[in-house]
Amino acid sequence: LAKPFSTLAVAGLSPPTTVHALASASTSQGHMASWMPKILDFLDNQAGAPLPFPELDVVHLPSNWVLPGTASHGLVLLSENYGEQSLSYFEETLAHETAHEWWGILINPTDGIHTRWLTEGLATLSQVDYAAQHLRGEASLDVYLERRFNEHAQIVRYLAQDLPPLVSPTEDPPSDDIQSTIWAYLRSSATLDHLRVLVGPEAFAAALRSWVAQCTMQHCDTTDFRKVLEEASGLDLESVFQH
C-alpha cells in the first residue's frame, strides 16, 4: 500500500485499539472505530475476560483485497467488500473477525485440521449473537435468533452436498468454496445454537467462559468442549456428539 495511511485511536478500550485505513477511507475508518467499543464489550462478556494483548490493531482494507477478512494475534483485517452490502453487515462481520481473536487465535483447537466448528462456527455464532444484541431493531431476541439460525439450517438442508461430519478425522474439509462455507460457518453455527437450546442459554454461556479459562493457549479439542458443556449443564451429551 503506497498510498497515505491514517490511524485512529479508539479511546478507553482494553486492549488499546487503533483503526488503520487509507486516508481516502476515513468514513469507513470512522464507522469501524465507533463499532469497536461495542464489539469488545460484547466479546469481553462472552469470553468472561478481556483480550490479553498489549494492543489491538484493526485494519480497513480496500475492496477486492486478496483476503477479504482475517485475524492474527492482536490484528484484525477487514475489506470494504462487506461495507458495500450494508453498514450493518459490515459491523457484524467486523464482530466476526474480532471474535477470531478468541476463536482460532488464542484458542486454536488441536483437531482444527479436520474441523472448523470451534473456530469459524463459534465466530459465526458470535457474529449473529452480536447482531442480535445491537442490530436486531424492533424484533424480539428469540424471533431474531430463530430467523438467523433457521436461515443457516435451511441452507444446510437444501444446498449442502455430501458434507463430511463437523469433526471428520478421516476426510479433508470440502474443497468447493460454497460447500466449505456451508460446512465451516453455517452448519457449525447452527449446531452450536442447537447445543445452546439443548443445554440452556445460561449453561451455554458458562461453558464458553470455561472454554476460554481452560483452553486459552492450551491443547484442547472437541472432547474438551463437550466436557465444559457437560460440566456447565449437568447433562450427558455423548449421544449428541456421536451424531
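**View 1. Asparagine 64 in the loop between S3 and S4.** In this predicted model, asparagine 64 is exposed, with a relative accessible area of 67%. Asparagine 64 belongs to the loop that links S3 to strand S4 (69-72). The phi angle of asparagine 64 is near 60 degrees, a positive value in a residue other than glycine.

**View 2. Strand S3 and its buried residues.** Leu56, Val58 and His60 point one way from S3. Asp57, Val59 and Leu61 point the other way, and these are buried too. In a regular strand, side chains alternate between the two faces of the sheet.

**View 3. The parallel partners of S3.** Strand S2 (residues 17-22) runs parallel to S3, and 4 bridges join the two. Within this pairing, histidine 20 has valine 59 of S3 as its bridge partner. S3 also pairs with strand S5 (residues 75-79), again in the parallel sense, over 5 bridges. Here valine 58 has valine 76 of S5 as its bridge partner.

**View 4. Helix H1 between S2 and S3.** S2, H1 and S3 form a β-α-β unit that is left-handed. H1 (residues 26-47) has 22 residues and spans 31 Å from its first C-alpha to its last, close to the 32 Å expected at 1.5 Å a residue. The helix has a kink of about 35 degrees at methionine 36, shortly before proline 37. Among the buried residues of H1 are Met32, Trp35, Met36, Ile39, Leu40 and Leu43. An α-helix has 3.6 residues a turn, so residues three or four places apart point the same way. Just after H1, glycine 48 takes a positive phi of about 75 degrees.

View 5. The peptide bond from serine 14 to proline 15 is cis, with omega near 0 degrees. Proline 15 sits in the loop between strand S1 (5-10) and S2.

**View 6. Aspartate 129 in helix H3.** Aspartate 129 lies in H3 (residues 120-134). This aspartate is buried, with a relative accessible area of 12%. Beyond its neighbours within four places in sequence, aspartate 129 is in contact with Phe42, Gln46, Leu145, Phe149 and Arg196. Two of these, Phe42 and Gln46, are listed among the buried residues of H1. Histidine 96 is 33 residues from aspartate 129 in sequence, and the C-alpha to C-alpha separation is 10.0 Å.

**View 7. Arginine 148 in helix H4.** Arginine 148 is part of H4 (residues 141-159). The residue is buried, with a relative accessible area of 11%. Not counting residues up to four places away in sequence, arginine 148 touches Glu92, Gln127, Val128 and Ala131.

**View 8. The disulfide between cysteine 215 and cysteine 220.** The structure holds 1 disulfide, which joins cysteine 215 to cysteine 220 with an S to S distance of 2.1 Å. The torsion about this S-S bond is about -85 degrees, so the disulfide is left-handed. Cysteine 215 is buried, at a relative accessible area of 2%, and cysteine 220 is buried at 7%. Methionine 217 lies in the loop between helix H6 (201-215) and helix H7 (222-233).

Notes. Residues are numbered from 1 along each chain as its sequence is written. This is a predicted model: local features need pLDDT of at least 70, side-chain atom pairs count only at pLDDT 80 or more; totals for chains, interfaces and linings use all residues. Side-chain values use heavy atoms; hydrogens and water are left out. The expected span of a helix is 1.5 Å times one less than its number of residues. The bend at a residue is the angle between axes fitted to the seven residues ending there and the seven starting there. Buried means under 20% relative accessible area, exposed over 50%, partly exposed in between (1.4 Å probe, protein chains only). Two strands pair if DSSP finds at least two bridges between them. A crossover is right-handed if, with the strands pointing away from the viewer, the path from the first strand over the helix to the second runs clockwise. A disulfide is a pair of cysteine sulfur atoms within 2.5 Å. Contact means heavy atoms within 4.5 Å.
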